[in-house]
Amino acid sequence: MSVIEALQNNGFATIDYVVFAAYIVLLVGLGIFLSRGKKGEEKSSTDYFLAGNTLTWWAVGASLIAANISAEQFIGMSGSAFASGIAQAAYELMAAATLLVVGKFLLPLMIEKKIFTIPQFLRERYNWGVGLAFSLLWLFLYVFVNLTSVAWLGALAIQQILGLPTDMIVQFGGMEIDQVRMVIILVLFVIAGLYSIYGGLASVAWTDVMQVTFLVGGGLITAYAALSVIGAEVWGCGALEALGNIYSWCIDQAGDKHFNLVVTRNEELYPVINGVVENGVTVQKEDPYFTNPGIVLIFGALWLTNLGYWGFNQYIIQKGLAAKSLAEAKKGMIFAAFLKILIPFIVCIPGVCAFYIMNGDGEALEALRQTLAGGIERSDDAYPFLIRNFTPTFVKGLSFAALAAAVISSLASMFNSTSTLFTMDIYKQFINKNASEKQLVNVGRITSVSALLIALVAVYPLMGGIDQAFQFIQEYSAFVYPGVVVIFGLGLLWKRASGAAAVAAAFGTFFFSILFKFTLPDVPFLIRSGYVFIVLTVMFVTISLYSNKAIKADELSEKTIKTQLFWSKVLYAVSVLSVIVLVMSFFNETLTIHGVQGAMIFFAAITATIGFYLRSNALDKVQDPKLVAIDLDIFKTDNAFNIGAAGVIIILTILYIVLW
């Protein structure tokens, strides 16, 4: 079947293509329009890389979510929800809580330091070697992990949704290359690059305001449309009643956790974690607990992933750094947190719906299955399968545009951040320290084009054959984030953090992550990540305390000392309580199967670490010469932030109570 024949027979009507084409034209046109400068004025590096510090709170929040939500969520997270349920939503729900922490404690310090890039902070806080190492690390991750995974998942989804042929294969370098998929990837790169490479962050951020509307609106409409069709065909009811019926079916299945936000260990149903393979066939299903280990997703090392991603990831935090003021940046974080709570309903519920369609019973459902086009050969096929079969005309085009918005906005942000990192942290620091503003902008554009070409070449060797890309990305990102959180977190907040400790932690995060993966293969990766954090913290603190570069500490006000000592005692008390609960879990089966051990080990460690550095900041008579001087008043928030934060916490609490 040719591409033209596929486009004519895939269930898409002309109006669906018109909706999608109109979206692309509007996006690129708006991006180019917004990128224009004043007549006779050239863009400065601040204009290009930080949008001239003009972003309002709603632009910051919308751009954060548009940059974050991509095919990784629409396809990857929906696929993981198909495989193991809505516990995947914890990545989104706890991210909302993390945004509150970043907005109150981390972003204010970064804005006060007036930094362009995260490695710039490392260079100023520690030494040039640490900054360069992380510049290279983030560049590697953006080009070879982020750009490739987002483009691959987006192309995979588009190919299935449009019913495009998968047999147009060519052999190259020992690989079977799907020509259609490669063309889609190239088109996605070109569309994202058309406005982001020329216009910089201003084009990316302001078009994201439009994109997040398509993304959230289109995603919700897709979920509603799928539930409406399932309800009408199977039970003769509406969308909300259909959701209730699917919920009831799931909880009636022995051991099924598809509607649980907290997954418990069930050794009777899953005697082993990864299944037993006999004659090429898996006879025992993978334990959902292995990817979603109970309350580790609330109190455990998921916080490392979230803090590393939302607090110290260049293409995310760059949106906050570009805000017109600290107050706008903080409000943007609150807005993003509320949007983040919506995401599970956009991506996880469709995955569970697809699971029911493929595994439910009854004559009506079997009759419905007979009418559906295509199937779900691997978990990540779930969301494209729903769009193709369950969304009506026009809505299909809107859903398709929403998926494209997710992919293109993330690619655009990554291009911009890749160019920022290379230009400001490598080119300006080591190649041309006297570069003009025009040279910096031009190098940024050339870097984006180079990243596009490299990712295009690397995408097939790296991403072919993955079943659940979301879990793949999360596990291997978890190799990096323990070190990132230790190095950045203690560097920002602890006055004795040393450069030697940062270098050791940078190497240690990879060494111990790999070591624990091979020595503890049956331990969920989030729990292993917590172990790595503990080892790195002990190593970092020990090296820093024995640093021979420490100088006499600055004198602190009595109020600052008392405040830090008070919160230190509180956190030490929480740590002790966590240890008590940890010990109890060894004698209580209910606590054990809820993952309390893995959660409390980490929670005790991180609260003790915070308590330690607060006490050290208050009482120690020496400090690192490159410390970040902190005025506690910078952490104060206004009523708008406090009310918004309270609202986020209340909503999260209700969701966990209802869907525990």
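Trainee: How many aromatic pairs does a search of the whole structure find?

Mentor: The search finds 25, where rings of Phe, Tyr and Trp (its six-membered ring) pair if their centres lie within 6.5 Å, planes under 30 degrees apart counting as stacked, over 60 as edge-to-face and the rest as tilted. Please keep in mind that this is a predicted model, in which local features need pLDDT of at least 70 and side-chain atom pairs count only at pLDDT 80 or more, while totals for chains, interfaces and linings use all residues. Residues are numbered from 1 along each chain as its sequence is written, and side-chain values use heavy atoms, with hydrogens and water left out.

Trainee: Which residues form one aromatic cluster?

Mentor: One such cluster is formed by F82, W235, W249, F355 and Y356.

Trainee: What makes R181 a charge over the ring of W152?

Mentor: The rule asks that NZ of Lys or CZ of Arg be within 6 Å of the ring centre and within 35 degrees of the ring normal. The charged end of R181 is placed over the W152 ring at 4.9 Å from its centre, and K104 lies over the face of F105 at 5.6 Å from the ring centre, so both distances fall within the 6 Å limit.

Trainee: What describes the packing of helix α11 and helix α16?

Mentor: Two packed helices are described by the angle between their axes and the distance between those axes. For α11 (residues 239-252) and α16 (residues 326-359), the angle is about 65 degrees and the axes are 11 Å apart; axes are lines fitted to C-alpha atoms, for helices over the stretch in contact, and angles run from 0 to 180 degrees between N-to-C directions. The helices themselves are DSSP runs (H or I, at least four residues; strands are E, at least two), numbered from the N terminus.

Trainee: Which residues make that contact?

Mentor: From α11 come L243, I246, W249 and C250, and from α16 come I349, V352, C353, F355, Y356 and N359, contact meaning heavy atoms within 4.5 Å. By class, 9 of these are nonpolar, 1 is polar and none is charged, with Ala, Val, Leu, Ile, Met, Phe, Trp, Tyr, Cys and Pro counted as nonpolar, Asp, Glu, Lys and Arg as charged, and the others, Gly among them, as polar.

Trainee: Why is L386 called buried?

Mentor: Buried means under 20% relative accessible area, exposed over 50%, and partly exposed in between (1.4 Å probe, protein chains only). L386, in helix α18 (residues 382-390), has 1% relative accessibility, so L386 counts as buried. Not counting residues up to four places away in sequence, L386 touches A226, P350, A354, I357 and T391.

Trainee: Why do N548 and L520 receive other labels?

Mentor: N548, in the loop between α24 (525-545) and β5 (551-552), is at 72% and therefore counts as exposed. L520, in the loop between α23 (499-519) and α24, has 28%, so the label is partly exposed.

Trainee: Why is helix α7 said to be largely enclosed?

Mentor: Of its 8 residues (118-125), 7 are buried, so α7 is largely enclosed by the rest of the structure. The buried ones are I118, P119, Q120, F121, L122, R123 and R125, and their cover includes α6 (90-112), α8 (128-161) and α19 (395-431).
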